[in-house]
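The chain itself is shown first.

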Amino acid sequence: MIIVSACLLGLKTRYDGKTKAAPELVSGLANMHVIPICPEQLGGLPTPRPPASILYGNGIDVLNGKAKVISESGEDVTPYFLKGAKEALKLAKMFQVNCAILKSKSPSCGLSPVIGVTAALLLLNGIKIKEMG
């Protein structure tokens, strides 16, 4: 089992209601058991939604209550990002997932340039992450 950011699989889950489909990824996962996730949707945010950024730190800081996730419209969406990360981890544990392929440059899923909230929580729980797109 592997967790994959739903937008990379062609689902329209991105903040802008679009996809970041990676056809080579989809074909490479054809014979695997895949759990598509969008932590922001799992946390209760709608699609489309205003883009958001982590302020004053990174995903680890958000998990530790030292940073916040703020939408472009100025709303504090930190609780949604935390809930989505916890739900993603719950799925990973439920299905004994030890690897995830997540969307780069995302305040939820990215490893760079700043580690996202979900990526941080998964890494802290021993799940290996590869980022794409």
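Helices here are DSSP runs of H or I with at least four residues, and they are numbered from the N terminus. Just after the helix α5, Gly126 takes a positive phi of about 80°. The model is predicted.

**Overall layout**

The protein chain holds five helices and six strands. Read from the N terminus, the elements follow the order β-α-β-α-β-α-β-α-β-α-β. Taken along the principal axes, the C-alpha atoms fill a box of roughly 40 × 30 × 25 Å. A compact globule of 133 residues would have a radius of gyration near 14 Å, and the protein chain agrees because its own value is 14 Å. Of these 133 residues, 43% count as buried.

**The four-stranded sheet**

Four strands form an open sheet in the order β2-β1-β5-β6, with parallel pairing. Its edge strands are β2 (34-37) and β6 (128-132), each of which pairs on one side only. From one strand to the next, the twist averages 20°.

Strand β1, residues 2-5, is joined to β2 by four bridges, and Ile2 has Val34 of β2 as its bridge partner. Two bridges join β1 to β5, where Val4 stands opposite Ile101. The pairing of β5 with β6 runs over five bridges, and Leu102 has Glu131 in β6 as its bridge partner.

| Strand pair | Sense | Bridges |
|---|---|---|
| β1 and β2 | parallel | four |
| β1 and β5 | parallel | two |
| β5 and β6 | parallel | five |
| β3 and β4 | antiparallel | four |

**The antiparallel pair**

Strand β3 (residues 52-55) runs antiparallel to β4. Leu55 stands opposite Lys68 in β4. In a regular strand, side chains alternate between the two faces of the sheet.

Strand β5, which spans residues 99-103, is mostly covered, with four of its five residues buried. Helix α5 (residues 117-124) is also mostly covered, as six of its eight residues are buried. The buried residues of α5 are Val117, Thr118, Ala119, Ala120, Leu121 and Leu122.

Lys90 belongs to helix α4, which covers residues 78-94.

**The largest pocket**

Rolling a probe the size of a water molecule over the atoms shows where empty space is left. The largest pocket has a volume of about 330 Å³. Its lining comprises 21 residues, and those nearest the centre are Arg14, Tyr15, Glu40, Ser106 and Pro107. By type, the lining divides into 11 nonpolar, five polar and five charged residues.

Technical notes:
Residues numbered from 1 in each chain as written. Predicted model: local features only at pLDDT ≥ 70, side-chain atom pairs only at ≥ 80, totals over all residues. Heavy atoms only, no water. Pairing = 2+ DSSP bridges. Axes fitted to C-alpha atoms, helices over the stretch in contact; angles between N-to-C directions. 1 Å grid on protein atoms, 1.4 Å probe; cavity = no way out; pocket = protein on both sides within 12 Å on 5 of 7 lines; lining within 4 Å. Points joined across faces, edges and corners; volume = space filled by probe spheres on them. Nonpolar A, V, L, I, M, F, W, Y, C, P; charged D, E, K, R; others polar. Rg over C-alpha atoms; globule rule 2.2 N^0.38 Å. Buried < 20%, exposed > 50% of the residue type's maximum accessible area, 1.4 Å probe, protein only.
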